[in-house]
Amino acid sequence: GSPVEKYEYQAEVSRLMDLIVNSLYSNQEVFLRELVSNASDALDKLRFLSVTQPELSKDSAELDIRVQADKDNGIITITDTGIGMTREELVDCLGTIAQSGTAKFLKALKDSKEAGDNNLIGQFGVGFYSAFLVSDKVAVATKSPKSDKQYVWEGEANASTYTIREETDPERLLPRGTRITLHLKGDAKQFAHPERVQKLLKNYSQFVSFPIYTWEEKGFTKEVEVEEDPAEAKKDDEEVQTKEKKTKKVIEKYWDWERINETKPLWLRNPKEVATEEYNEFYRNTFNEYLDPLASTHFTTEGEIEFRSVLYVPTMPPNGQDDLMNSKTKNIRLYVKRVFISDDFDGELFPRYMGFIRGVVDSSDLPLNVSREILQESRIVRMMRKRLLKKAFDMIRGISMSENKDDYEKFWETYGKHLKLGCIEDVDNHKHIAPLLRFFSSQSDEEMISLDEYVENMKPDQKDIYFIASDSVTHAKNTPFIEKLLEKDLEVLFLVDPIDEVAIQNLKAYKEKKFVDISKEGLDLGAENENETEVKQEFGKTCDWIKRRLGDKVASVQVSNRLSSSPCVLATGQFGFSANMERLMKARQS
Ligand code: ADP
Ligand code: MG
């Protein structure tokens, strides 16, 4: 054979490998994602370079990735037909940390209090060296189209050196690309099961844009003749000639490559060419759901930032009723160039109150080793967030305009409280949220109305939007506060959900019409009673007398024109809590 040359790792690489092997083992399974994503990158590079240098891909091997698990020997091989590496590139790429993502990872580790923080590997991705999470020994055979020779890089866990030699065995030559052989260690041998590998690939890499094949055992049934038991045959000697041939069904086993990522990622397709049922199926598969979503939206942005996304409104809240409390919802799957990165970043992509939105987001502008820190600081992500939210609102508005009124009723019943929380938490988006709100009213106590409907129904000289907060529609209907407004045919919104009142107070106004609580002091229903002053004079003494009798229990006693048949009403001061709020606060204290 050819000489084997020994090399020292750059000091940082040794340190990184130590960390990986010794402290990041709870994330072992990421090795496959990292190696497949490297394979995919190598194929991307080849495809890109072939545009200008067609001779690079002249060895007509298909662009694909093949993963083979040999459970008897505890070996996994990952083979791609990508760009490969020359001898120099092997030294540069697999012996030093040239790559910025990994360098960042090291820095983060240094800064992190607990070295070897388990989350870090998930956030940064440690690339190629993650192979040592599961392997005692790793061999990288690689053939670059720029070189005539194939080289083999070999490294072992816990070693400070690696070797490179030229491949001389003609049997082992690759047409082009890279084959990584992992000799699994200890309990990591469990990964060398075809089913395990398939499952991991389906989870992490199903949307890689090159075909991924796994080596699988298959079977077909076949009828075979059954030979007569010789003892039996002797016994029934005379019958032998007349007997029919017996057959039985057996399963013939064989091994073959099976493609595991059949479909082109849905989000890469033209929205015009995707049927609703396909979106639904994708949703059910991706999120392990049985129910179809209530709505979906699919869009691409170009220009300043480029990303694609498919978003959904689930029919049921994805995380049960108290999902508002749940910050880790795993509802948004983030891809970078079709490689699955994480479903842990939804908080960075959607505000909490929209945490029920599910979907995939695929960006071409983010680095593959994107972390939460990068997401939080990135200008790109800020723009993505804005567009995602806008699209989510559009999708919800779509439901509200659906011919089928039940759809929005269902939506509102399930997610109304989320949007009301949005009124409180997201002032910037009031203009998107407010039109989606629904309330009962004095003129519509069975079907909820929108604020637009309210505004359309306002009297010509009506300036404000009237509301009363109460614990039920029945109570709201029977409150004395409402008498005068009913008499004047003014519509009053019934805020019967505890959060309604705070939400409305945060909105302050809709289409420049103020929200006015009719249970509060100083309600102005416009020009009224010319004899008001007279009445006030006439009953001034009575008011004083009542105030004296009630003492501190009331702030003041006044003559008012807000009632028509009830003799009196207890109103709240303009800046005090409404009676409803007091009731709620009392309920909370007890
Ligand atoms: P990253 O992929 O972020 O660059 P990795 O540690 O995963 O970092 O890989 C280091 C480098 O090794 C890659 O940038 C690439 O140049 C090279 N490399 C790794 N795997 C392959 C492969 N299958 N084919 C060609 N080059 C590869
Ligand atoms: Mg990589």
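**A walk through a predicted protein model**

Buried residues make up 33% of the 590 residues in this protein; a residue is called buried if 20 or more other C-beta atoms, placed from the backbone, lie within 10 Å of its own, exposed if 12 or fewer do, and partly exposed in between. This is a predicted model, in which local features need pLDDT of at least 70 and side-chain atom pairs count only at pLDDT 80 or more, while totals for chains, interfaces and linings use all residues. Residues are numbered from 1 along each chain as its sequence is written, and chains are lettered from A and ligands numbered from 1 in the order in which they are written.

The protein has 19 helices and 20 strands. Helices (H or I, at least four residues) and strands (E, at least two) are DSSP runs, numbered from the N terminus.

Let's begin with strand β14, residues 358–363, where six of six residues are buried. Arg-358, Val-360 and Asp-362 point one way, while Gly-359, Val-361 and Ser-363 point the other way. What are the partners of β14? Strand β11 (residues 307–313) pairs with β14 in the antiparallel sense over six bridges, and strand β12 (residues 332–336) pairs with β14 in the parallel sense over five bridges. Two strands count as paired if DSSP finds at least two bridges between them. You can look for Leu-311, whose bridge partner in β14 is Gly-359, and for Val-336, which stands opposite Ser-363.

Now turn to helix α8, residues 276–287. At 1.5 Å a residue, its 12 residues should span 16 Å, and its end C-alpha atoms are 16 Å apart, which agrees; the expected span is 1.5 Å times one less than the number of residues. The buried residues of α8 are Tyr-279, Phe-282 and Tyr-283. They cover an arc of only 100° around the axis, which puts them on the same side of α8; the arc is that of the directions from the helix axis to the C-beta atoms. An α-helix has 3.6 residues a turn, so residues three or four places apart point the same way. The buried residues of α8 pack against β10 (295–301) and β11. Just after α8, Asn-288 takes a positive phi of about 50°.

Finally, visit ligand 1. Of the 19 residues around ligand 1, those that come nearest are Asn-38, Ala-42, Cys-93, Gly-127 and Phe-128; a residue is near a molecule if its C-beta atom, placed from the backbone, lies within 6 Å of it. Helix α2 (30–52) is among the elements that give two or more residues to this shell, and its five residues are the largest share.

Note on methods
Contact = placed C-beta atoms within 7 Å.
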